Amino acid sequence: MPKVTVDGQEIEVPDGATVLQACELAGKEIPRFCYHERLSIAGNCRMCLVEVKPGPPKPQASCALPATEGQEIRTDSEMVKKAREGVMEFLLINHPLDCPICDQGGECDLQDQSVAYGRGGSRYHENKRAVTEKYMGPLIKTVMTRCIHCTRCVRFSEEIAGVDEIGALYRGESMQITTYLEHAAKHEMSANVIDLCPVGALTSRPYAFEARPWELKKTLSIDVSDAIGANIRLDSRGREVLRALPRINDDVNEEWISDKARYQVDGLTRRRLDKVWIRKNGKLQAASWEEAFKKVAAVKPGNSIAAIAGDLLDCETMYAAKALLKAMGSDLLEGRQTGMDYDVSSLAAVNFNSTLAGIETADAILIVGSHVRWEAPLVNVRLRKAVKRGAKVFIVGPEWETTFPATFLGNDLSVLSQLPPEVLDAFAEAQSPAVILGGAALAKGALSAGLSLVERLGLVKENWNGFNVLHFSASRMGGLMLGYAQKGGMADIVGATPKVVLALGADEVDYTQFADSLKVYIGHHGDKGAHAADVILPAASYAEKDGTYVNTEGRVQFAEKAVFAPGDAREDWTILRALADAFGVSVGFDSFTQLQSAMIAEVPALGQEGLANYGVLPKAKATKLSGTIDAYPIRDFYLTNPVARASTVMQKCSAELLHGSELAEAAE
Amino acid sequence: MADRALAPDTPELRAAWGDFAFAPAWEEKAKAAIARYPAGRQKSAVMALLDYAQRQVGEATNTQGWLPIPVIEYVATYLDMPVIRVLEVATFYTMYNLAPVGRFHVQVCGTTPCMLRGSDDIFAVCAKRGMKRGHTTDDGMWTLTEVECMGSCATAPMVQINDGNYEDLTPERFEAVLDKLSAGELPKEGTQEPGRHTSEPSGGPTTLTAMVGENHDYRGEW
């Protein structure tokens with residue numbers, strides 16, 4: 001723990017800290033462009049110059065200089081001020097003065113720092129450099145003349161994403177950042193380089209010229225595009241969500257989000273259900289709320305009513321539906337739309353127990369039936385980190401393009417009962433061994449076989465539980481906590497032949513199974529569920545309601561309402577409350593607060609933000625597992641939920657990045 | 001702005017170079033280059049391999065050679081590294097030609113010492129013969145590039161043509177070199193000044209003069 005003095009203030013810094021980190025610990029702001037906490041140190045922007053004694057009598061780049069015992073660091077001397085001004089002047093030599101037409105304006109590091117640390121004016125009279133634009137795909141817009149060569153994007157794609165596609169060509173003044181032959185950046189996290197870019201060289205293509213940052217209302221929310229529950233910020237203006245940005249949460253998403261989480265928001269204004277529809281003579285016709293409620297109540301379902309939860313639901317909606325069903329005398333609740341029927345008697349057995357942050361410390365990882373890159377891109381980032389630390393990864397299931405070295409063990413699940421010696425060796429040596437079961441494995445009934453690995457591979461140790469189930473529906477863990485699971489899965493609901501089926505944004509269900517039921521779709525997008533419905537009650541999307549979400553590691557998180565739902569659409573719980581009146585039953589809440597407290601009274605864990613405690617892992621039942629994993633449930637990363645399917649950006653990504661069609665561009 | 005630019009990735013280019021592979025002689029050299037580094041560090045040999053690839057292209061085209069995109073991709077695959085990383089190396093070093101060059105790649109040094117010693121006259125000779133910076137003459141014989149210091153300042157001005165250095169040039173001496181080259185002869189490499197061998201002081205030694213003919217003990221004179 002070296003002691004250093006920063007501007008006369010003596011502080012102790014952790015071993016291995018850099019001078020820049022020492023200055024930050026002392027509360028000093030060090031301007032920087034190329035340095036980023038989560039990337040390797042490049043030291044090429046020179047903006048972080050400070051004066052360090054002992055050392056050469058010149059300013060030094062603090063980001064790349066280790067803090068050592070007895071250093072005297074000055075960040076406020078005349079030398080430092082002059083050095084910063086000089087560096088800033090050099091950076092601005094070739095930076096265009098186009099802030100008024102630059103999308104980064106208002107949230108630009110270069111702008112802010114040149115105000116804070118630069119000279120007042122320019123002394124440069126020569127021509128500025130101009131660089132041709134580079135095509136980086138449908139998400140990233142480039143204006144490469146603005147690039148200051150910090151290489152954050154290059155380091156991100158190499159280190160975090162694990163897909164070497166961005167590089168710096170040529171040298172010196174001619175240096176240019178580009179993807180290989182200007183191919184589109186093809187991975188699920190590519191748009192994070194937009195946040196990383198300290199200037200306006202890489203900006204968001206779909207958001208181009210939409211708004212200025214100071215016009216936007218910022219709402220803290222939770223991403224629902226997968227089960228990771230990435231912390232996001234929704235920036236909205238008026239009734240429209242214009243963009244989603246990641247928030248920093250080291251336990252969940254660090255500071256990244258997937259491209260889907262970031263760019264599905266334009267789907268929130270498309271294909272929306274904004275009025276009530278009733279199917280008459282086989283055709284959906286617009287109707288009023290009264291007509292719809294009358295039609296539903298006319299069925300007089302009694303206790304023959306079921307609720308199916310969709311993938312994007314918040315816990316409050318699911319609880320409201322549960323309360324309604326309970327008042328009617330039914331408990332036909334199910335959320336696993338595709339018919340999975342794994343045992344949920346212990347939630348610890350279907351939880352990501354090692355936690356998302358914990359998985360990166362694992363040193364032997366067996367993935368069974370999960371295309372992690374598509375099902376949870378943020379977990380894939382963690383896995384890559386684990387591999388960089390020396391972890392060995394084995395995967396059972398069809399091959400997919402990993403971003404780290406991994407061994408595929410084939411599609412046959414019987415390999416779990418007879419693991420190859422290399423796997424056993426790796427796990428025998430491991431301090432923190434982990435198994436990740438994915439949706440494809442759960443669908444094949446591999447849960448108990450997976451649990452049997454706990455003992456055989458020693459997954460549970462003191463302060464370590466390496467048994468993980470990776471879900472990909474944002475509502476899954478919340479639904480399971482609220483009892484949205486039948487013993488036989490969806491088949492039980494079908495078997496009960498309910499008179500009324502409440503489809504709560506459920507778009508993956510095969511509704512032909514419910515031919516004789518009245519299908520009431522309560523959701524926000526005109527997707528598969530709405531097409532099959534008899535009555536459509538327009539509801540709110542995740543951006544349009546407060547709600548509690550539980551991610552795949554059992555982390556309870558709260559999202560806030562960013563905008564109002566369009567047209568006649570209402571928040572889901574109010575619709576369910578009104579349905580209770582239509583059915584003539586009492587659900588015991590009249591406001592969102594009452595609903596929430598009733599929910600928390602029933603499931604106390606939902607009232608506490610943070611990891612829910614699911615107890616210890618159950619003992620495995622002896623089972624013989626056979627069968628093969630032929631395919632993963634996600635066929636198209638960009639089109640997994642109704643919001644994304646409605647989004648033109650996601651459709652474009654799917655067409656261009658996954659299906660290889662040329663992006664139709666107008667001739668310029 | 002950039003003088004150097006990648007030759008565009010066209011179907012014709014792919015057709016011409018798509019099936020590039022090291023000839024046995026170059027392959028042997030490539031293997032030797034890779035063997036210089038520990039196992040798993042084969043990427044370190046990227047610069048050598050790019051050079052070999054360029055030379056093999058040169059043999060095929062009877063020039064100094066260049067690096068078409070399919071060849072860069074071949075090297076990347078050969079070394080099991082991302083092609084963008086190879087491209088970064090190839091575009092960084094001016095030794096690698098990114099576009100086809102003529103039979104003779106005339107690289108004239110224009111850095112200060114050569115400039116002071118008359119590199120402008122050398123450029124004038126080139127211009128007289130129809131060479132333009134960054135271009136190949138229509139007959140495919142000459143490509144002119146202005147380069148930065150080649151480390152031959154003591155014998156400035158200098159020109160590098162393919163693998164040979166021609167130093168101590170004057171317009172006449174340079175013309176003679178070019179004439180010989182176009183006549184298919186190999187001019188003498190190195191300094192073109194009569195009586196000078198390498199980079200020793202021009203016009204005879206100025207220090208240790210007593211040592212020229214025989215050994216001389218200077219110690220008594222200190």
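**A sheet in chain A, and what lies around it**

Modeller: Happy to! Let us begin with one pair of strands: β3 of chain A, residues 49–53, and β5 of chain A, residues 72–74, run antiparallel to each other and are joined over three bridges. Within this pairing, Glu51(A) sits opposite Arg74(A) of β5(A). Please keep in mind that you are looking at a predicted model.

Strands of a sheet pair through backbone hydrogen bonds, in a parallel or an antiparallel way.

Setting aside residues up to four places away in sequence, Thr5(A) touches Glu10(A), Gln71(A), Glu72(A) and Ile73(A). Asn94(A), by contrast, is 89 residues from Thr5(A) in sequence and 36 Å from Thr5(A) in space, counted from C-alpha to C-alpha.

Now look at what crosses the sheet. Beyond its neighbours within four places in sequence, Glu89(A) is in contact with Arg119(A) and Arg123(A). With Arg123(A), the side chain of Glu89(A) makes a polar contact of 2.8 Å.

Two backbone details of chain A deserve a stop as well. Lys53(A) and Pro54(A) are joined by a cis peptide bond, with omega at about -5°. Pro54(A) lies in the loop that links β3 and β4 of chain A. Further along, Tyr170(A) has a phi near 60°, a positive value in a residue other than glycine. You will find Tyr170(A) in the loop between β7 (166–169) and β8 (176–179) of chain A.

The contact involves 19 residues from chain A and 20 residues from chain B. The size of an interface is often given as the accessible area lost when the parts come together. Between chain B and chain A the buried area is about 1,500 Å², and carbon and sulfur atoms give 65% of it. Two salt bridges are found across this interface. In one of them, Arg85(B) pairs with Asp164(A), with 2.3 Å between the closest N and O atoms. On the side of chain B that touches chain A, the elements giving two or more residues are α4 (69–79) and α5 (83–92) of chain B. Of these, α5(B) gives the most, with seven residues. By type, the residues on this side of chain B are twelve nonpolar, two polar and six charged.

Chain B as a whole holds eight helices and five strands. Its C-alpha atoms fill a box of roughly 70 × 45 × 35 Å along the principal axes. Chain B also has an open sheet of five strands with mixed pairing, in the order β2-β1-β3-β4-β5. Because β2 and β5 (190–191) of chain B stand at the edges with a single partner strand each, one side of each is left without a neighbour in the sheet. Inside the sheet, β3(B) and β4 of chain B, residues 164–167, pair in the antiparallel sense over three bridges. There, Gln160(B) stands opposite Asn165(B) of β4(B).

Helices pack on this sheet too. Helix α7 of chain B, residues 119–128, touches β1 (104–109), β2 and β3 of chain B, and its direction makes about 155° with that of β1(B). Helix α8 of chain B, residues 171–182, touches β1, β2, β3 and β4 of chain B, and its direction makes about 0° with that of β3(B).

Finally, chain B has a cis peptide bond of its own, between Ala156(B) and Pro157(B), where omega is about -5°. Pro157(B) sits in the loop between β2 (142–147) and β3 (159–161) of chain B.

Technical notes:
Residues are numbered from 1 along each chain as its sequence is written. Chains are lettered from A and ligands numbered from 1 in the order in which they are written. This is a predicted model: local features need pLDDT of at least 70, side-chain atom pairs count only at pLDDT 80 or more; totals for chains, interfaces and linings use all residues. Side-chain values use heavy atoms; hydrogens and water are left out. Contact means heavy atoms within 4.5 Å. Buried area is the accessible area (1.4 Å probe) that two parts lose on being put together, summed over both. A salt bridge is a side-chain nitrogen of Lys or Arg within 4 Å of a carboxyl oxygen of Asp or Glu. Helices (H or I, at least four residues) and strands (E, at least two) are DSSP runs, numbered from the N terminus. Ala, Val, Leu, Ile, Met, Phe, Trp, Tyr, Cys and Pro count as nonpolar, Asp, Glu, Lys and Arg as charged, and the others, Gly among them, as polar. Two strands pair if DSSP finds at least two bridges between them. A polar contact is a pair of N or O atoms within 3.5 Å; within protein, one must be able to donate a hydrogen and the other to accept it, and residues adjacent in sequence count only if both atoms are side-chain atoms. Axes are lines fitted to C-alpha atoms, for helices over the stretch in contact, and angles run from 0 to 180 degrees between N-to-C directions.
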